[in-house]
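Q: Could you walk me through how the strands and helices pack here?

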Amino acid sequence: MEKITSSNRKKMENIIAFASNRKEFDGVLKFAAKKPNVIIKCICLEFWPGQRIFAKNIKVFEETDLVSDRELYFINKKALFFSRNWYKFDKKIEQASTMKEISLGFVSDFAIYNLFRQTFLAINSGINAAKCEKTKTFIGIKDSFSSDCAKAVAKATSARFKEIEIEQPLEKKRKLNFNKKKIADFQKKVFSILKEKIIIKNGADIVFVKSNGYLDRFSKEVEKNNSFSVSSLDNFVVRKILMPWNAKRFVKTKKEKRIFFKGLFKELSEKSKFRKKMVFNDINFADVFFKFMPRFSERDWPEFVFLIEMLLKEFKEKKPCAVVVWEDWIPFERICVLLAKKINAKSVVVQHGLFSANTNQPDFIRGFAPVVADKIAVWGPHYKKNLEKKMVPGKKISITGSPRFDVLYNKKTNGYSFRKSIGVSKKEKLVVLVTQPVEKNKVLPIEIASAAMEAVKEIKNTKLVIKIHAFENKKDYAKIITNSKGKAILLNKTDLHRLINCADAVIAISPIIGLEAMALKKPTAIYRKTKDQTLFEGIKRITGKKDNFKKSIQKFLKEKDNKKAHEKKVAKFLYEFGFKQDGKATERIIRLLK
């Protein structure tokens with residue numbers, strides 16, 4: 001086998017491959033192993049294979065590596081246009097996909113937006129790669145979405161296209177690992193869902209709440225108000241399908257509508273007028289569109305039809321005065337908001353996380369804008385400004401503060417007894433590091449924890465408590481704890497707010513945790529990779545290369561700011577991102593329901 005050197009690399013053939021998931025990527029790796037005398041540039045679509053060492057004849061790109069910011073803006077704009085309008089290109093599909101005056105195309109536009117964006121990124125990055133590398137061959141995995149993208153680009157650039165097959169491993173029969181305890185727990189959960197009842201107070205109005213775990217405390221606070229009775233929509237689908245007559249109806253509806261939509265889209269795929277409109281960068285992507293569309297038309301849409309029927313019945317029977325959701329981008333939540341409008345009930349979105357307007361995203365903020373509901377309750381002025389940048393009318397936006405911060409107001413903790421319970425003495429200073437699983441290509445929380453431990457080891461009478469995320473494994477941090485020689489403690493299950501309230505300093509990877517620590521008036525540092533990626537300008541930040549983490553953390557722990565100046569800066573920052581810290585955010589949201 002000829003070795004790849006800088007002299008012969010230029011002579012070797014360049015092949016561009018696409019992969020949209022791990023299985024396809026492994027197929028490209030196998031192909032590369034069989035072709036040692038070619039250079040393969042693999043473009044990963046909406047997934048990343050992780051930090052791995054690959055063969056010398058393969059180079060891996062994210063699709064965004066090969067497009068400029070200007071191109072990315074154009075891609076997002078086009079994806080947004082198609083996701084909002086594709087079903088309007090044909091009158092028959094527009095009418096057939098409207099149920100009870102609710103358009104299934106509109107309900108699922110964000111999910112479909114992602115697939116249009118993925119398609120356009122693949123096309124754009126493939127064309128750019130072909131120009132740069134003078135590629136004459138594209139490959140794709142047979143019968144895959146990525147293969148159709150590669151075929152479209154190859155056709156547009158007059159390049160060769162080759163489909164490769166990957167071996168499908170034999171599926172092992174899954175063993176149902178049920179024991180008596182699991183069965184009992186499942187039965188208990190089912191019975192608790194079925195027993196859920198709404199106790200209607202005399203003269204109280206019903207409020208439907210879809211919290212998804214974000215608004216649980218808010219729901220309890222609303223329930224305390226004598227003017228309202230809360231009806232949770234969190235287990236609505238499960239409650240309905242567990243009823244035998246509904247289960248039968250669900251199966252029947254899904255089967256009938258799957259056949260109906262399959263026939264409808266087959267007919268649509270043969271309409272040349274429609275196909276001619278599916279063009280991006282002078283490339284017709286109709287084949288790619290009809291490849292990915294069945295996951296909506298045949299899988300999701302039949303369920304939405306059943307869902308709309310069941311929800312409309314629920315809305316008409318209970319006549320809620322308002323619907324509160326954590327966001328209205330997701331189909332279920334959007335259907336609830338649209339049905340609220342249908343029966344003249346109010347609809348409110350309660351902000352569930354941090355966000356900022358992205359210049360690459362035209363007229364929308366992922367998960368937050370546009371707003372379909374009547375109102376959106378935001379945490380602070382920063383978010384109102386960003387929503388207005390994306391064309392959300394100011395009258396739709398109410399600054400209320402965050403219900404999650406209400407619990408922090410005047411929070412009291414017996415610091416000494418809690419410290420003692422976790423192994424920190426009264427004389428020792430407590431530094432708390434709160435970890436968070438991070439996105440691809442980012443520094444791992446373990447590396448930050450290691451740097452924090454090394455920094456704390458050199459400071460007398462100081463202990464580090466590492467509070468790991470529920471999705472992380474304690475074993476990953478075992479070496480750090482061993483090397484700390486008693487200076488670091490690992491916790492995975494504890495009251496986070498009590499822990500932060502006892503701390504002398506907090507290091508956070510999650511910006512929300514950092515915001516909560518500041519609300520509890522703790523010196524706080526937030527790790528972010530670059531200045532552009534953080535919402536916390538002007539607040540202490542741990543950045544830079546791995547080698548500098550230790551110095552950066554030590555500097556933060558030893559620094560003595562002008563106390564008054566720092567408190568003033570933090571108060572201003574908190575108001576901008578969290579509004580008034582007065583424990584009354586929930587009350588302000590409740591007023592929007594009246």
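Q: How do strand β8 and β9 pair, and over how many bridges?
A: Strand β8 (residues 205-210) runs parallel to β9 and pairs with it over 5 bridges, where pairing requires at least two DSSP bridges between two strands, and strands are DSSP runs of E with at least two residues, helices runs of H or I with at least four, numbered from the N terminus. Val209 stands opposite Ser232 in β9. This is a predicted model, in which local features need pLDDT of at least 70, side-chain atom pairs count only at pLDDT 80 or more, and totals for chains, interfaces and linings use all residues. Residues are numbered from 1 along each chain as its sequence is written, and side-chain values use heavy atoms, with hydrogens and water left out.

Q: What is the strand order of the open sheet?
A: The order of its 6 strands is β9-β8-β12-β13-β14-β15, with parallel pairing, and β9 (228-232) and β15 (397-399) are the edge strands, each pairing on one side only.

Q: And which helix lies across β8, β9 and β12?
A: That is α14 (residues 294-318), which runs at about 155 degrees to β8; angles run from 0 to 180 degrees between N-to-C directions, and axes are lines fitted to C-alpha atoms, for helices over the stretch in contact.

Q: Switching to α9 and α25, at what angle do they pack?
A: Helix α9 (residues 216-224) and helix α25 (residues 585-593) pack at about 65 degrees, with their axes 10 Å apart, and are therefore roughly perpendicular, a label covering 65 to 115 degrees.

Q: Which residues make the contact?
A: Arg217, Phe218, Glu221 and Val222 of α9 meet Thr586, Ile589 and Ile590 of α25, contact meaning heavy atoms within 4.5 Å.

Terms used:
Angles under 35 degrees count as roughly parallel, over 145 as roughly antiparallel, 65 to 115 as roughly perpendicular and the rest as oblique.
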